[in-house]
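Here are a few notes to read alongside the model. Have it open and follow the residues as they come up.

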Amino acid sequence: MKGMEALRRRFVMLAAAFVMVGCSSSDVKVEPAPLPVLDQPIKLQLAWKKDLGKGVGDKYLMLKPAFSEGTVYMIDFRGLLIAVDPETGKKRWKRKLNEHVSSGLTVAGERIWYGAPNGDLVCLSAEDGKELWRKPLSSELLAPVLIDGSMLVAQTSDGRVYALSDSDGHQKWVYETAVPFVSLRGTARPQAAAGAIVAAFANGKLVVLNRETGLPIWDKQVAVPKGRSELEKMVDIDGAFVIDDDTIYIASFQGRIAAMALYTGRVIWQSEMSSYVDIGVG
């Protein structure tokens, strides 16, 4: 475990949109820190660009490109999937799926996975985009699935985490927690660490699960709902959290940013701050 001095030296860079929270008759405004002045700025040159269908439209989806074994894979919400050469941007193949897409892509080896709005998890061939199998889950998938060895981990918007076989989608275990009726649209992607699966939920809870059984090792409320209305009580964890060595860095909407011990859930430090996007650590 790192000492407090080492933690103080660690710079946590929160790439976040700060939220103005109403306080009676006035608003509390958090101003961003000034940008640093670069002595030797790096000049960037555009190598290539590629238009991809309709993008995310007005669906508020996080459809990020995926890279694997020398190919970039991109998809729009209408199901237009394109594989391109990362050096030239030249199209290697294209496939129009017969459904809309709700989650970003995960690519590993010879397979691609994505989530559909009806709750289906779909596996495609990375060679040509041909469908290999699909697995109906309980609700919409908004985050890319995690691949951990031969196991897939998929988190649905209704508070369930599924462990599945990557070869055919056979279910190994499922974990479920209660989530609020009103929440932001989004889900933090599960992560793997030290033989465990770490997942965060719309109720502000962080859970560490046994990789083999799905049983909780520990769980902790990152943020506690406050207020009277359902909107005031939203404490979603939607942005990607970071696991660095034996520490988890995580932020919640209308809650706090915190550093927590991976093995015990002990809160190392925390600060009142609101964010619904990814954290970066450097």
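Is glutamate 69 buried or exposed? Keep that in mind while we settle the ground rules. This is a predicted model, where local features need pLDDT of at least 70, side-chain atom pairs count only at pLDDT 80 or more, and totals for chains, interfaces and linings use all residues. Residues are numbered from 1 along each chain as its sequence is written, and side-chain values use heavy atoms, with hydrogens and water left out.

1. Glutamate 69 is exposed, at a relative accessible area of 65% (buried is under 20%, exposed over 50%, partly exposed in between, with a 1.4 Å probe and protein chains only). You'll find glutamate 69 in the loop between β4 (66-68) and β5 (71-75); strands here are DSSP runs of E, at least two residues, numbered from the N terminus.

2. Glu69 also belongs to a negative surface patch, together with Glu110, Glu127 and Asp128. Patch members have over 30% relative accessible area and no salt bridge, with like charges joined within 9 Å and nonpolar side chains within 5 Å.

3. Now look at valine 182, in the loop between β15 (171-176) and β16 (191-193). Valine 182 is partly exposed, with a relative accessible area of 31%. Leaving aside residues up to four places away in sequence, valine 182 touches Glu230, Leu231 and Met234 (contact means heavy atoms within 4.5 Å). The C-alpha atoms of valine 182 and alanine 194 are 33 Å apart, though 12 residues separate them along the chain.

4. On to charges: the structure holds 12 salt bridges (a side-chain nitrogen of Lys or Arg within 4 Å of a carboxyl oxygen of Asp or Glu). One of them pairs lysine 64 with aspartate 278, with 3.0 Å between the closest N and O atoms. Lysine 64 sits in the loop between β3 (26-28) and β4, and aspartate 278 in the loop between β23 (267-272) and β24 (279-281), so the pair ties together parts 214 residues apart in sequence.

5. Glutamate 272 and arginine 256 form another salt bridge, at 3.4 Å between the closest N and O atoms. This pair links strand β23 to strand β22 (residues 256-261), 16 residues apart. Glutamate 272 is exposed at 55%, while arginine 256 is buried at 15%.

6. Finally, check the salt-bridge network of Glu99, Asp120, Glu131 and Arg134. Within it, glutamate 131 and arginine 134 meet at 3.0 Å, N to O.

Technical notes. Areas by Shrake-Rupley, 256 points an atom, 1.4 Å probe, with all protein chains shown as cover. Lys, Arg positive; Asp, Glu negative; His and termini not counted. Charge placed at Lys NZ, Arg CZ, Asp CG, Glu CD. Helix = DSSP H or I, 4+ residues; strand = E, 2+ residues; numbered from the N terminus.
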